[in-house]
Structure formats: structure tokens, C-alpha cells
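Subject: Structure for you to look at

Hello,

Please find the structure below, with the sequence. My notes on it follow.

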Amino acid sequence: MEKREIKSVLLEYKSSTELSDVFQKLIDEAKQAASTAYAPYSKFKVGAAVLLENGDIVQGNNQENAAYPSGLCAERVAIFYANSKYPNVAIKSIAITAFTQDGFVKEPIPPCGSCLQVMLESENRYNNEIEVLLYGEDKIITAKNISQFLPVNFNKEMLK
Ligand code: THU
């Protein structure tokens with residue numbers, strides 16, 4: 001038996017002012033996206049903003065449904081929209097946040113497993129790493145790619 005340890009690197013910031021202008025803008029767009037989420041059941045309004053390699057920004061937010069599983073997370077709404085509107089442009093980064101009855105989350109929220117899997121597909125499709133920015137009022141976390149959250153993953157190589 002061999003023990004294999006896997007390390008993830010996440011960077012933590014106290015304020016978005018420590019980030020570049022473009023990342024500050026991306027976070028603002030994610031916050032804006034959260035405000036128009038359709039989340040009448042959970043009241044947990046998630047916003048995502050995707051920065052494309054051509055500089056365009058695409059927003060997405062969670063869309064819930066009375067038949068709960070029919071709803072979709074903010075990250076997948078944003079990524080699917082970006083990949084459908086710009087099928088030849090890679091995604092460079094994604095910012096994510098959530099707004100609750102108490103305002104924006106204090107601690108950043110990580111994407112769910114299904115969203116990570118979709119982000120991983122987009123990385124592989126365009127052969128381009130996606131940088132992740134998770135915004136909370138007390139802390140911002142960044143990671144240089146999806147593997148930091150999903151180090152052991154199922155991907156197209158396994159279908160060969
Ligand atoms: N949600 C997202 O939009 N993104 C995530 O990564 C986690 C959860 C949404 C789904 C549902 O509308 C609400 O948050 C509560 O789970």
C-alpha cells in the first residue's frame with residue numbers, strides 16, 4: 001500500500017481591493033448577478049460571472065423550480081451560456097458569490113460537485129485553466145484551476 005497525499009493551493013484575501021481591477025470587476029458582476037437570481041425556495045441567491053479570453057463577461061444565477069431538481073446552479077447557468085454564445089472562446093476565470101436574507105455571505109461558498117465537473121469539462125474542452133474567485137464579505141478565496149477543488153476527477157481521457 002502506498003499513501004498518496006494530494007495538496008490543493010487556495011489563496012485567501014481580506015478584501016477585493018487586494019485583487020486586480022479586472023477581478024474586482026468580475027466580483028462586482030457576480031454580486032450583480034446574485035441580485036436577479038430566481039431562488040424563491042432556498043432564498044439563497046447565487047451569482048456567477050465568467051470572464052472569457054476575449055475580455056467579455058457573462059453572468060449567471062441560480063434558477064430554481066417547484067420541482068426542485070429541475071433548477072440549476074448559477075455557475076452552470078453562466079458557463080453553459082458562455083459556452084453556447086461563444087463556442088470558440090475559452091473561459092479564463094469565474095467569480096462566485098451568494099446573497100441571503102442577511103446580505104452577502106461572510107464566508108465564500110465553493111461550487112457544488114456538479115458545477116465543478118462542468119467547469120472541468122470547459123477547461124478540457126478549450127485546454128485552458130479556469131481561475132476561480134469565491135467572494136465572501138470577510139474573505140475572498142482564489143484558486144488557479146478547477147483541479148484545486150477536484151483533484152481526482154473523471155474526464156475525457158478515461159473514455160479513450
Ligand atoms: N447553488 C448554486 O447556485 N451554486 C452552487 O454551487 C451551490 C448551490 C444554488 C442551488 C439552489 O438554487 C441554492 O443554491 C440552494 O442550494
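Serine 93 touches Phe23, Leu26, Ala49, Val50, Leu51, Ile130, Glu131 and Leu133, with neighbours up to four places away in sequence left out. The residue sits in strand β4. Serine 93 counts as buried because its relative accessibility is 1%, and the cut-off for buried is under 20%. Please keep in mind that this is a predicted model.

One of the contacts of serine 93 is valine 50. With neighbours within four places again set aside, valine 50 is in contact with Leu26, Asp56, Ile57, Val58, Ala78, Ile79, Ala82, Ile91, Ser93 and Ile94.

The largest nonpolar core has 28 residues, and Val50, Leu52, Ile94 and Ile96 have the most contacts inside it. Two or more residues of this core come from each of β2 (45-52), α2 (74-85), β4 (91-100), α3 (113-126) and β6 (131-135). Helix α3 gives the largest share, 5 residues. Another core lies apart from this one; it has 13 residues, including Leu19, Ala34, Phe104 and Tyr135.

On the chain as a whole:

- The secondary structure consists of 3 helices and 7 strands, in the sequence order β-α-β-β-α-β-β-α-β-β.
- The radius of gyration is 16 Å, which agrees with the value near 15 Å that a compact globule of 160 residues would have.
- Along the principal axes, the C-alpha atoms fill a box of roughly 50 × 40 × 35 Å.
- Of the 160 residues, 44% are buried.
- Taking contacts between residues at least 6 apart in sequence, 66% join residues at least 24 apart.

Leucine 72 is in the loop between β3 (57-61) and α2. How exposed is leucine 72? Its relative accessible area is 28%, so leucine 72 is partly exposed, a class that runs between the 20% and 50% cut-offs. Leaving out residues up to four places away in sequence, leucine 72 touches Asn61, Asn62, Gln63, Val77 and Phe80. Leucine 72 and arginine 4 are 68 residues apart along the chain, and their C-alpha atoms are separated by 35 Å.

The other two concern backbone angles. Most residues other than glycine have a negative phi. Lysine 43 is not a glycine, yet its phi is positive, about 60°. Lysine 43 is in the loop between α1 (21-35) and β2, and its relative accessibility of 41% makes it partly exposed. Asparagine 127, also not a glycine, has a positive phi of about 50°. Which loop holds asparagine 127? Asparagine 127 is in the loop between α3 and β6. Asparagine 127 counts as exposed because its relative accessibility is 72%, and exposed means over 50%.

Regards

Conventions
Residues numbered from 1 in each chain as written. Predicted model: local features only at pLDDT ≥ 70, side-chain atom pairs only at ≥ 80, totals over all residues. Heavy atoms only, no water. Helix = DSSP H or I, 4+ residues; strand = E, 2+ residues; numbered from the N terminus. Rg over C-alpha atoms; globule rule 2.2 N^0.38 Å. Buried < 20%, exposed > 50% of the residue type's maximum accessible area, 1.4 Å probe, protein only. Contact = heavy atoms within 4.5 Å. Core = buried A, V, L, I, M, F, W, Y, C linked by side-chain atoms within 4.5 Å.
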